[in-house]
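Subject: Structure for you to look at

Hi,

Here is the structure I promised to pass on. Please open it alongside this message, and my notes on the sheet and one of the pockets follow below.

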Amino acid sequence: MSKKRSTSWGKVGDWYNKLVGEEGMHYHQNVILPNVLDLLALENDETLSLLDIGCGQGILSRHIPENINYHGVDISPELIKLAKKHCSNSNHQFSVGDATKALPVKKKSFTHVTIILALQNMEDPSLALKNAAKHLEVGGKLVVVMNHPSFRIPRQTHWGVDESKKLQYRRVDMYMSDLKIPIHAKPSKGKKSEVTWSFHHPLSYYIKVLRESGFLLSHFEEWCSDKKSSGAKARMENKARKEFPLFLCLVGIKTSS
């Protein structure tokens, strides 16, 4: 009998699904998806194909042109079940699979691969990037989005206020060290909260493993929050949002087979 796949996301699937919803959270709708779709530059063309690694409950699949051949893979059976529930497109497939191991995907020549807000949940992201290259055609495009590894390190980055300068700043306690950080899905429950894991690596690590996986870095983008504050501290908060990006996007082109 095969052992049940272990995933820290299994117990939080319903919570995550409610958080993301049918159309995505605020940042999905207003920052991530518009930018990702622009970079993918997908047309409603049945010859194009997209492998979505770490697809979660399939949020990206619901925003791409209908004729795109799409395959989403995620380690969580619960999230894949929800992805299938949301999907009514016969061109879309979903499979349970570990992004750092052999993928349950036969196709080896996708024109596009995405890894959206998933790489930071993998202890060894290099294995997922090698899998992306394995299933991408030469000249194909990889789009990776993650929480910014320089400014959004759980427990190691914090907001502070310098009252003398009327300035909000970002404090970074650790950066170069590789870190494994527990994340409480429901902090209000304290120790009873389900826990997922976040893995931190410095930016140089990701550039290095992209190159080693056979990609040429073609785009490097940093995306800030689009939210606006009101009240007494609005000016400093809005200024800080423009200075410290939330998300990092890396686009790689596969250079050889």
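Before the notes, one term: two strands count as paired if DSSP finds at least two bridges between them. Please also keep in mind that this is a predicted model.

With that term in hand, look at Phe220, which stands opposite Leu250 in β11. Strand β11 covers residues 247–254 and is joined to β10 by eight bridges, with the two strands running antiparallel. In general, the strands of a sheet pair through backbone hydrogen bonds, either parallel or antiparallel.

Now the whole sheet. It is open, has seven strands and mixed pairing, and its order is β3-β2-β1-β4-β5-β11-β10. Its edges are β3 (92–96) and β10 (215–223), each of which pairs on one side only. On average, neighbouring strands are turned by 15° against each other, ignoring direction. Helix α3, residues 77–86, packs on this sheet and touches β2 (69–74) and β3. The direction of α3 makes about 165° with that of β3.

The other thing I looked at is the second largest pocket, with a volume of about 190 Å³. It is lined by 13 residues, and the closest to its centre are Trp159, Ser225, Arg241, Phe244 and Leu246. Which helix supplies the largest share of that lining? It is α6, with three residues. Both α6 (234–243) and β7 (167–172) supply at least two lining residues each. Sorted by class, the lining has seven nonpolar, four charged and two polar residues.

Terms used: Residues are numbered from 1 along each chain as its sequence is written. This is a predicted model: local features need pLDDT of at least 70, side-chain atom pairs count only at pLDDT 80 or more; totals for chains, interfaces and linings use all residues. Side-chain values use heavy atoms; hydrogens and water are left out. On a 1 Å grid over the protein atoms alone, a cavity is a set of points where a 1.4 Å probe fits but cannot get out, and a pocket is an open set with protein on both sides within 12 Å along at least five of seven lines; lining residues have an atom within 4 Å of a point. Grid points are joined across faces, edges and corners, and a volume is the space filled by probe spheres set on the points. Helices (H or I, at least four residues) and strands (E, at least two) are DSSP runs, numbered from the N terminus. Ala, Val, Leu, Ile, Met, Phe, Trp, Tyr, Cys and Pro count as nonpolar, Asp, Glu, Lys and Arg as charged, and the others, Gly among them, as polar. Axes are lines fitted to C-alpha atoms, for helices over the stretch in contact, and angles run from 0 to 180 degrees between N-to-C directions. Contact means heavy atoms within 4.5 Å.
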